[in-house]
Amino acid sequence: MNIELVLFGAFALLTLLSAGLVIFAKSAISSAMSLVATFFFLAGIYVLLWAHTVAVLQVLVYAGAIMVLFLFVIMLLNLGEETSAGPRLTLSRILGGAAAAGLLVVLVMVIWRIPAPTTTFTGAQAVASGFGTLPAIGQVIYTQWLLPFEAVSLLLLVAMVGAVVVAKSRI
Amino acid sequence: MVPISYYLILAAALFCLGMFGVLIRRNALVVFMCVELMLNAANLTFLAFAKQNGHLTGHVSAFFVIAVAAAEASIGLAIVIAVFRSRGTVSIEEIRTMKH
(Lines give C-alpha, C1' and ligand atoms only; values in the text may rest on other atoms or scores of the structure.)
Protein backbone atom coordinates (compact mmCIF):
# COMPACT_ATOMS: atom_id res chain seq x y z
CA MET A 1 0.00 0.00 0.00
CA ASN A 2 2.01 2.96 -1.16
CA ILE A 3 1.23 6.55 -0.34
CA GLU A 4 0.63 7.58 -3.96
CA LEU A 5 -2.22 5.11 -4.32
CA VAL A 6 -3.74 6.24 -1.01
CA LEU A 7 -3.57 9.90 -2.02
CA PHE A 8 -4.95 9.14 -5.48
CA GLY A 9 -7.84 7.18 -4.00
CA ALA A 10 -8.69 9.91 -1.51
CA PHE A 11 -8.50 12.73 -4.06
CA ALA A 12 -10.42 10.74 -6.69
CA LEU A 13 -13.20 9.90 -4.23
CA LEU A 14 -13.47 13.50 -3.02
CA THR A 15 -13.42 14.81 -6.62
CA LEU A 16 -16.25 12.54 -7.72
CA LEU A 17 -18.21 13.26 -4.53
CA SER A 18 -18.02 17.03 -4.94
CA ALA A 19 -18.70 16.75 -8.69
CA GLY A 20 -21.85 14.83 -7.81
CA LEU A 21 -22.79 17.58 -5.36
CA VAL A 22 -22.42 20.15 -8.18
CA ILE A 23 -25.12 18.32 -10.12
CA PHE A 24 -27.49 17.44 -7.30
CA ALA A 25 -27.26 20.57 -5.13
CA LYS A 26 -30.51 22.48 -4.97
CA SER A 27 -29.29 26.06 -5.04
CA ALA A 28 -26.89 27.42 -7.62
CA ILE A 29 -24.63 28.81 -4.92
CA SER A 30 -23.99 25.41 -3.33
CA SER A 31 -23.32 24.03 -6.80
CA ALA A 32 -20.68 26.73 -7.27
CA MET A 33 -19.07 26.03 -3.88
CA SER A 34 -18.94 22.29 -4.64
CA LEU A 35 -17.32 23.13 -7.97
CA VAL A 36 -14.61 25.10 -6.13
CA ALA A 37 -14.00 22.01 -3.95
CA THR A 38 -13.83 19.84 -7.09
CA PHE A 39 -11.20 22.12 -8.59
CA PHE A 40 -9.09 21.97 -5.41
CA PHE A 41 -9.18 18.17 -5.26
CA LEU A 42 -8.39 17.99 -8.98
CA ALA A 43 -5.38 20.22 -8.35
CA GLY A 44 -4.23 17.57 -5.85
CA ILE A 45 -4.57 14.92 -8.56
CA TYR A 46 -2.56 17.13 -10.95
CA VAL A 47 0.26 17.31 -8.41
CA LEU A 48 0.24 13.50 -8.27
CA LEU A 49 0.68 13.61 -12.07
CA TRP A 50 3.80 15.81 -11.60
CA ALA A 51 2.00 18.81 -13.13
CA HIS A 52 2.73 21.36 -10.41
CA THR A 53 2.41 24.39 -12.66
CA VAL A 54 -0.95 23.33 -14.04
CA ALA A 55 -2.12 22.58 -10.49
CA VAL A 56 -1.24 26.12 -9.40
CA LEU A 57 -2.94 27.54 -12.50
CA GLN A 58 -5.98 25.42 -11.74
CA VAL A 59 -6.31 26.95 -8.27
CA LEU A 60 -5.50 30.49 -9.42
CA VAL A 61 -7.51 30.65 -12.64
CA TYR A 62 -10.32 28.15 -12.11
CA ALA A 63 -10.98 28.22 -8.38
CA GLY A 64 -9.99 31.89 -8.24
CA ALA A 65 -10.98 33.86 -11.30
CA ILE A 66 -13.65 31.78 -13.04
CA MET A 67 -15.53 30.78 -9.91
CA VAL A 68 -15.56 34.35 -8.62
CA LEU A 69 -17.17 35.28 -11.93
CA PHE A 70 -19.78 32.54 -11.44
CA LEU A 71 -20.51 33.63 -7.86
CA PHE A 72 -20.80 37.25 -8.95
CA VAL A 73 -23.36 36.36 -11.62
CA ILE A 74 -25.35 34.16 -9.21
CA MET A 75 -25.51 36.97 -6.66
CA LEU A 76 -26.20 39.58 -9.35
CA LEU A 77 -29.19 37.63 -10.68
CA ASN A 78 -30.32 36.88 -7.09
CA LEU A 79 -31.22 33.28 -7.84
CA GLY A 80 -32.96 31.42 -5.05
CA GLU A 81 -33.53 27.71 -4.80
CA GLU A 82 -35.13 26.07 -7.77
CA THR A 83 -38.86 25.85 -7.25
CA SER A 84 -39.39 22.51 -8.97
CA ALA A 85 -36.19 20.74 -7.99
CA GLY A 86 -37.98 17.72 -6.59
CA PRO A 87 -36.76 14.23 -7.41
CA ARG A 88 -38.91 13.96 -10.48
CA LEU A 89 -38.06 11.01 -12.68
CA THR A 90 -38.95 12.36 -16.09
CA LEU A 91 -38.18 10.64 -19.39
CA SER A 92 -35.44 13.14 -20.24
CA ARG A 93 -33.66 12.48 -16.94
CA ILE A 94 -33.81 8.71 -17.42
CA LEU A 95 -32.52 9.07 -20.98
CA GLY A 96 -29.77 11.44 -19.81
CA GLY A 97 -28.67 9.01 -17.10
CA ALA A 98 -28.70 6.11 -19.55
CA ALA A 99 -26.64 8.07 -22.09
CA ALA A 100 -24.06 9.09 -19.46
CA ALA A 101 -23.83 5.55 -18.06
CA GLY A 102 -23.49 4.11 -21.58
CA LEU A 103 -20.70 6.54 -22.43
CA LEU A 104 -18.92 5.66 -19.19
CA VAL A 105 -19.11 1.93 -19.95
CA VAL A 106 -17.75 2.45 -23.48
CA LEU A 107 -14.93 4.71 -22.25
CA VAL A 108 -13.89 2.29 -19.50
CA MET A 109 -13.86 -0.58 -22.00
CA VAL A 110 -11.67 1.43 -24.37
CA ILE A 111 -9.30 2.55 -21.57
CA TRP A 112 -8.97 -1.08 -20.45
CA ARG A 113 -7.73 -2.02 -23.92
CA ILE A 114 -4.98 0.61 -24.09
CA PRO A 115 -1.75 -1.37 -24.47
CA ALA A 116 0.81 -1.08 -21.68
CA PRO A 117 3.46 1.57 -22.34
CA THR A 118 6.66 0.28 -23.86
CA THR A 119 8.83 2.99 -22.32
CA THR A 120 8.54 4.11 -18.73
CA PHE A 121 9.11 7.65 -17.53
CA THR A 122 10.45 7.49 -14.00
CA GLY A 123 10.52 10.06 -11.24
CA ALA A 124 14.31 10.37 -11.44
CA GLN A 125 14.08 11.27 -15.15
CA ALA A 126 11.31 13.76 -14.37
CA VAL A 127 13.40 15.51 -11.72
CA ALA A 128 16.43 15.58 -14.02
CA SER A 129 14.52 17.18 -16.91
CA GLY A 130 12.50 19.57 -14.72
CA PHE A 131 9.25 17.93 -15.82
CA GLY A 132 6.19 20.07 -15.06
CA THR A 133 8.14 23.08 -13.80
CA LEU A 134 7.45 26.57 -15.07
CA PRO A 135 10.80 26.98 -16.95
CA ALA A 136 10.34 23.69 -18.81
CA ILE A 137 6.74 24.49 -19.82
CA GLY A 138 7.71 28.03 -20.80
CA GLN A 139 10.46 26.63 -23.00
CA VAL A 140 7.94 24.46 -24.86
CA ILE A 141 5.29 27.22 -25.14
CA TYR A 142 7.63 29.93 -26.40
CA THR A 143 9.41 27.71 -28.94
CA GLN A 144 6.99 25.12 -30.33
CA TRP A 145 3.63 26.68 -29.47
CA LEU A 146 4.21 30.41 -29.91
CA LEU A 147 1.48 30.97 -32.52
CA PRO A 148 -1.28 29.15 -30.54
CA PHE A 149 -0.16 31.07 -27.46
CA GLU A 150 -0.59 34.39 -29.25
CA ALA A 151 -3.93 33.20 -30.66
CA VAL A 152 -5.11 32.40 -27.12
CA SER A 153 -4.14 35.87 -25.93
CA LEU A 154 -6.12 37.36 -28.83
CA LEU A 155 -9.06 35.08 -27.92
CA LEU A 156 -8.99 36.35 -24.34
CA LEU A 157 -9.01 39.95 -25.58
CA VAL A 158 -11.98 39.24 -27.86
CA ALA A 159 -13.78 37.48 -25.00
CA MET A 160 -13.18 40.43 -22.70
CA VAL A 161 -14.56 42.96 -25.19
CA GLY A 162 -17.38 40.61 -26.16
CA ALA A 163 -18.44 40.07 -22.55
CA VAL A 164 -18.73 43.82 -22.02
CA VAL A 165 -20.66 44.32 -25.27
CA VAL A 166 -23.09 41.45 -24.62
CA ALA A 167 -23.76 42.11 -20.94
CA LYS A 168 -24.08 45.89 -21.07
CA SER A 169 -27.54 47.10 -21.98
CA ARG A 170 -26.43 50.43 -23.42
CA ILE A 171 -22.94 51.13 -24.70
CA MET B 1 3.07 3.86 -8.83
CA VAL B 2 -0.53 4.38 -9.84
CA PRO B 3 -1.22 3.10 -13.38
CA ILE B 4 -2.24 5.73 -15.93
CA SER B 5 -5.49 3.89 -16.64
CA TYR B 6 -6.76 4.78 -13.14
CA TYR B 7 -6.40 8.47 -13.96
CA LEU B 8 -8.09 7.94 -17.33
CA ILE B 9 -11.02 6.14 -15.70
CA LEU B 10 -11.37 8.97 -13.18
CA ALA B 11 -11.39 11.44 -16.08
CA ALA B 12 -14.03 9.37 -17.90
CA ALA B 13 -16.20 9.28 -14.76
CA LEU B 14 -15.83 13.04 -14.32
CA PHE B 15 -16.72 13.65 -17.97
CA CYS B 16 -19.82 11.46 -17.72
CA LEU B 17 -20.89 13.24 -14.51
CA GLY B 18 -20.56 16.57 -16.31
CA MET B 19 -22.49 15.28 -19.31
CA PHE B 20 -25.22 13.93 -17.02
CA GLY B 21 -25.48 17.35 -15.38
CA VAL B 22 -25.71 19.13 -18.74
CA LEU B 23 -28.49 16.76 -19.80
CA ILE B 24 -30.66 16.91 -16.67
CA ARG B 25 -30.18 20.35 -15.09
CA ARG B 26 -32.47 23.21 -16.09
CA ASN B 27 -30.52 26.13 -14.63
CA ALA B 28 -28.26 27.64 -17.29
CA LEU B 29 -25.60 28.52 -14.71
CA VAL B 30 -25.38 24.95 -13.42
CA VAL B 31 -25.19 23.72 -17.00
CA PHE B 32 -22.16 25.98 -17.44
CA MET B 33 -20.58 24.56 -14.30
CA CYS B 34 -21.07 21.04 -15.68
CA VAL B 35 -19.33 22.11 -18.91
CA GLU B 36 -16.40 23.24 -16.75
CA LEU B 37 -16.38 19.77 -15.18
CA MET B 38 -16.12 18.20 -18.64
CA LEU B 39 -13.26 20.55 -19.59
CA ASN B 40 -11.44 19.52 -16.42
CA ALA B 41 -11.89 15.86 -17.32
CA ALA B 42 -10.22 16.57 -20.67
CA ASN B 43 -7.38 18.34 -18.84
CA LEU B 44 -6.90 15.34 -16.58
CA THR B 45 -6.56 13.09 -19.64
CA PHE B 46 -3.96 15.42 -21.18
CA LEU B 47 -1.91 15.44 -17.99
CA ALA B 48 -2.15 11.67 -17.51
CA PHE B 49 -0.78 10.99 -20.98
CA ALA B 50 1.87 13.69 -20.47
CA LYS B 51 3.09 11.84 -17.40
CA GLN B 52 3.11 8.51 -19.18
CA ASN B 53 5.14 9.75 -22.16
CA GLY B 54 7.29 12.31 -20.38
CA HIS B 55 6.18 14.97 -22.90
CA LEU B 56 5.34 18.50 -21.80
CA THR B 57 2.96 19.06 -24.73
CA GLY B 58 0.12 17.75 -22.60
CA HIS B 59 0.78 20.44 -20.03
CA VAL B 60 0.74 23.09 -22.75
CA SER B 61 -2.60 21.74 -24.00
CA ALA B 62 -4.03 21.85 -20.47
CA PHE B 63 -2.80 25.45 -20.18
CA PHE B 64 -4.63 26.37 -23.42
CA VAL B 65 -7.78 24.56 -22.27
CA ILE B 66 -7.77 26.63 -19.05
CA ALA B 67 -7.40 29.85 -21.06
CA VAL B 68 -10.20 28.92 -23.45
CA ALA B 69 -12.40 27.91 -20.50
CA ALA B 70 -11.88 31.37 -19.01
CA ALA B 71 -12.96 32.99 -22.29
CA GLU B 72 -15.94 30.62 -22.57
CA ALA B 73 -17.06 31.34 -19.00
CA SER B 74 -16.91 35.11 -19.44
CA ILE B 75 -18.85 35.12 -22.72
CA GLY B 76 -21.35 32.51 -21.52
CA LEU B 77 -22.09 34.36 -18.29
CA ALA B 78 -22.50 37.62 -20.24
CA ILE B 79 -25.08 35.87 -22.44
CA VAL B 80 -26.85 34.52 -19.33
CA ILE B 81 -27.01 38.06 -17.91
CA ALA B 82 -28.34 39.44 -21.20
CA VAL B 83 -31.00 36.71 -21.42
CA PHE B 84 -31.99 37.23 -17.78
CA ARG B 85 -32.33 40.95 -18.39
CA SER B 86 -34.70 40.49 -21.34
CA ARG B 87 -36.68 37.44 -20.10
CA GLY B 88 -36.28 37.36 -16.32
CA THR B 89 -35.31 33.69 -16.18
CA VAL B 90 -32.24 31.48 -16.50
CA SER B 91 -34.17 28.24 -16.90
CA ILE B 92 -33.25 26.71 -20.23
CA GLU B 93 -36.75 25.24 -20.55
CA GLU B 94 -38.32 28.69 -20.73
CA ILE B 95 -35.86 30.07 -23.28
CA ARG B 96 -37.30 28.61 -26.45
CA THR B 97 -37.60 31.47 -28.90
CA MET B 98 -35.09 29.96 -31.31
CA LYS B 99 -36.58 26.47 -31.08
CA HIS B 100 -38.82 26.70 -34.15
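How much area do domain 1 of chain A and domain 2 of chain A bury between them? The answer is about 380 Å², with 66% of it on carbon and sulfur atoms. The model is predicted. Chain B and chain A, for their part, bury about 6,500 Å² between them. Two salt bridges are found over all chains.

**Domains of chain A**

- Contact involves four residues of domain 1 and six residues of domain 2.
- On the domain 1 side, A:W50, A:H52 and A:T53 lose the most area to domain 2. Together they account for 89% of what that side buries.
- The side of domain 1 that touches domain 2 has two nonpolar residues, two polar residues and no charged ones.
- Across this interface the rule finds zero salt bridges. Two residue pairs are in polar contact, both residues at pLDDT 80 or more.

**A:W50**

- A:W50 sits in the loop between α2 (28-48) and α3 (52-77) of chain A.
- A:W50 is not a glycine, yet its phi is positive, at about 65°.

**Interface of chain B and chain A**

- Here 66 residues of chain B are in contact with 76 residues of chain A.
- Of the area buried between the two chains, 82% is on carbon and sulfur atoms.
- B:M33, B:K51 and B:I66 supply 10% of the area that chain B buries against chain A. That is more than any other three residues supply.
- The rule finds eight residue pairs in polar contact across this interface, both residues at pLDDT 80 or more.
- Three helices of chain B, α1 (4-24), α2 (28-53) and α3 (57-87), each supply at least two residues of the side that touches chain A.
- Helix α3 of chain B gives the most to that side, with 23 residues.
- By class, that side of chain B has 50 nonpolar, 11 polar and five charged residues.

**Salt bridge between the chains**

- Side chains of opposite charge can pair when their charged atoms come close.
- Across the interface of chain B and chain A, the rule finds one salt bridge.
- In it, the side chains of B:K51 and A:E4 meet at 3.3 Å, N to O.
- The pair joins two chains, because B:K51 lies in helix α2 of chain B and A:E4 lies in helix α1 (residues 3-24) of chain A.
- B:K51 has 2% relative accessibility, so B:K51 counts as buried.
- A:E4 has 17% relative accessibility and also counts as buried, because the cut-off for buried is under 20%.
- B:K51 is also among the three residues that supply 10% of the area chain B buries against chain A.

**Salt bridge within chain B**

- The side chains of B:R26 and B:E93 meet in a salt bridge at 2.9 Å, N to O.
- B:R26 lies in the loop between α1 and α2 of chain B, and B:E93 in the segment after α3, so the pair ties together parts that are 67 residues apart in sequence.
- Is B:E93 buried or partly exposed? At 42% relative accessibility, B:E93 counts as partly exposed.

Definitions and conventions. Residues numbered from 1 in each chain as written. Chains lettered and ligands numbered in written order. Predicted model: local features only at pLDDT ≥ 70, side-chain atom pairs only at ≥ 80, totals over all residues. Heavy atoms only, no water. Helix = DSSP H or I, 4+ residues; strand = E, 2+ residues; numbered from the N terminus. Contact = heavy atoms within 4.5 Å. Buried area = accessible area lost by both parts, 1.4 Å probe. Salt bridge = Lys/Arg side-chain N within 4 Å of Asp/Glu carboxyl O. Polar contact = N/O pair within 3.5 Å; in protein donor to acceptor, adjacent residues only side chain to side chain. Nonpolar A, V, L, I, M, F, W, Y, C, P; charged D, E, K, R; others polar. Buried < 20%, exposed > 50% of the residue type's maximum accessible area, 1.4 Å probe, protein only.
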